[in-house]
Structure formats: structure tokens, C-alpha cells
Amino acid sequence: METRPAETDQGKTLNTIGRDRLYRLLAIWSMLSGVPEDALRCQTETMFGLEGEDADNPVRVHAAGEYVLRMNAVLLEKGARVSAAAAGAYMRAMGVKPEE
């Protein structure tokens, strides 16, 4: 895992999400959402100013990575709720009482 010290205005926080990890997280987001990875990458880079001379700003890359992690967590939670609801509906249809 890539770890770099934050810029001086960020205190002693470490930036643990580098560009490679950001791209892996974007690939997961694409898989979970069904949105093309290129579109998510463009959106994220625009949102966090990761273009031009700031493309490798470790603070911005880390912030973008945290954002993508949150989006992935939301989609995974939604998937778990949908799966639980679908399993419950199936069990009711089969005449089995769903577990709590």
C-alpha cells in the first residue's frame, strides 16, 4: 500500500490511497454500478481536480479514493438489502417462514 505524508496544511494525516488503489476502487465501483469505468474516472477526476498539474496531488488523490470507497459501501449495502428482500420474498413464496 502506498503511503505518503500529507501536505503541511493537512496536519499529520497520512494519504494511504494512491493513484493505483484509486483506479482499483473505480473498477469495483464500475462493476457494482454498471456505469462505464471511464465515465466514473472522468467524473471523479473532475470532482477532485485531478487533471493537469494537480493530477498527482496526494491529498486530492486520497480524498477521491475515500469518496469512491463511500460510493462502493453504499452500493454494497443496497445490494445486501435487495438480496435480503429477495430471499425473504422467495421464502414466503415457497411457504417457508423467513428468519429474522
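Biologist: Is the crossing where helix 1 passes helix 2 left-handed or right-handed?
Modeller: Helix 1 passes helix 2 in a right-handed crossing. A crossing is left-handed if the near helix is turned anticlockwise from the far one by less than a right angle, and right-handed if clockwise. Before we go on, this is a predicted model, where local features need pLDDT of at least 70 and side-chain atom pairs count only at pLDDT 80 or more, while totals for chains, interfaces and linings use all residues. Residues are numbered from 1 along each chain as its sequence is written, and side-chain values use heavy atoms, with hydrogens and water left out.

Biologist: Thanks. At what angle do helix 1 and helix 2 pack, and how far apart are their axes?
Modeller: The angle is about 125 degrees and the axes of helix 1 and helix 2 are 9 Å apart. Axes are lines fitted to C-alpha atoms, for helices over the stretch in contact, and angles run from 0 to 180 degrees between N-to-C directions. Helix 1 and helix 2 are therefore oblique to each other; angles under 35 degrees count as roughly parallel, over 145 as roughly antiparallel, 65 to 115 as roughly perpendicular and the rest as oblique.

Biologist: Which residues make the contact?
Modeller: From helix 1, they include Arg-19, Tyr-23, Leu-26 and Trp-29, and from helix 2, Glu-37, Leu-40, Arg-41 and Glu-45 are among them. Contact means heavy atoms within 4.5 Å.

Biologist: New topic: how many salt bridges does the structure hold?
Modeller: There are three salt bridges, each a side-chain nitrogen of Lys or Arg within 4 Å of a carboxyl oxygen of Asp or Glu. In one of them, Arg-19 pairs with Glu-45, with the closest N and O atoms 3.1 Å apart. This pair links distant parts of the chain, as Arg-19 is in helix 1 (residues 19–33) and Glu-45 in helix 2 (residues 37–47), 26 residues apart.

Biologist: Are Arg-19 and Glu-45 buried or exposed?
Modeller: Both Arg-19 and Glu-45 are buried.

Biologist: And what does Arg-41 form a salt bridge with?
Modeller: Its partner is Glu-37, with 3.6 Å between the closest N and O atoms. Arg-41 and Glu-37 both lie in helix 2, four residues apart, about one turn of the helix. Arg-41 is partly exposed at 25%, and Glu-37 is partly exposed at 28%.

Biologist: Which residues make up the largest nonpolar core?
Modeller: It has 12 residues in all, including Leu-22, Trp-29, Phe-48, Leu-50, Val-61 and Tyr-67. Helix 1 and helix 3 are the elements that give two or more residues to this core. A nonpolar core is a set of buried Ala, Val, Leu, Ile, Met, Phe, Trp, Tyr and Cys residues joined through side-chain atoms within 4.5 Å.

Biologist: Last one: in what order do the elements of the protein run from the N terminus?
Modeller: The order is β-β-α-α-α, with three helices and two strands in total. Helices (H or I, at least four residues) and strands (E, at least two) are DSSP runs, numbered from the N terminus. Of the 100 residues, 27% count as buried.

Technical notes. Buried < 20%, exposed > 50% of the residue type's maximum accessible area, 1.4 Å probe, protein only.
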